[in-house]
Amino acid sequence: MEQEKSCLFCKIVNGEVPSEKVFETSKVYAFKDIYPQAVEHYLFIHKEHTKNINSMAAQKPEHLEDIFKAIKEFTQQTYLETSGFRVVTNVNKNAGQTVFHTHFHVLGGEQLKGFGV
Ligand code: 5GP
Ligand code: ZN
């Protein structure tokens, strides 16, 4: 798996930086966000590094399938599919992307605000 030495989420995949795992496959890793924005807030990442969703779609489109299948499995194994959840991915400055390893926030566990709710 291609990784970036200085990338925080590559270090999390390697176990160099500790994290609270909630789901894992051979390709995808999911863990609790350190600053949760909802009762349930997880980050789904591919074990192979890309920097954002557009890079992933261009360079490794199969990763999108890996990630969304993992989200499907996880949300069906927990109560999140039934109660409802949101998937968010930030790209660059105006969206507030702070970690440049493609990641998908999965939020739920309470009524989420915004987006017409
Ligand atoms: P972004 O702002 O790039 O979309 O999301 C990065 C997310 O990573 C943020 O929600 C932030 O709380 C989370 N985060 C940053 N550093 C760490 C860390 O060391 N461990 C974990 N578990 N989450 C982190
Ligand atoms: Zn990385």
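Helices (H or I, at least four residues) and strands (E, at least two) are DSSP runs here, numbered from the N terminus. With that convention, Thr50 belongs to the loop between S3 and helix H2 (53–59).

Before I continue, a word on the source. This is a predicted model, in which local features need pLDDT of at least 70 and side-chain atom pairs count only at pLDDT 80 or more, while totals for chains, interfaces and linings use all residues. Residues are numbered from 1 along each chain as its sequence is written, chains are lettered from A and ligands numbered from 1 in the order in which they are written, and side-chain values use heavy atoms, with hydrogens and water left out.

Let me stay with Thr50. Its relative accessible area is 3%, so Thr50 is buried; buried means under 20% relative accessible area, exposed over 50%, and partly exposed in between, with a 1.4 Å probe and protein chains only. The side chain of Thr50 makes a polar contact of 2.7 Å with that of Thr102. A polar contact is a pair of N or O atoms within 3.5 Å; within protein, one must be able to donate a hydrogen and the other to accept it, and residues adjacent in sequence count only if both atoms are side-chain atoms.

Cys10 and His101 are both buried.

Ligand 1 is surrounded by 16 residues, the closest being Lys32, Asp33, Asn90, Thr98 and His105; a residue is counted if one of its heavy atoms lies within 4 Å. One nitrogen atom of ligand 1 is 2.9 Å from a polar backbone atom of Lys32. On the side-chain side, an oxygen atom of the ligand lies 2.5 Å from an N or O atom of Asp33, and an oxygen atom lies 2.8 Å from an N or O atom of Asn90.

Finally, the nonpolar core, defined as a set of buried Ala, Val, Leu, Ile, Met, Phe, Trp, Tyr and Cys residues joined through side-chain atoms within 4.5 Å. The largest one has 13 residues, and Phe23, Phe44, Ile71, Phe74 and Phe104 have the most contacts inside it. Strand S2 (28–32), strand S3 (40–46), helix H3 (61–77) and S5 each supply at least two residues of this core. Its largest share, four residues, comes from H3.

Strand S3 also holds His41, which is buried at a relative accessible area of 5%. The His41 side chain reaches the backbone nitrogen of Gln37 at 2.9 Å.
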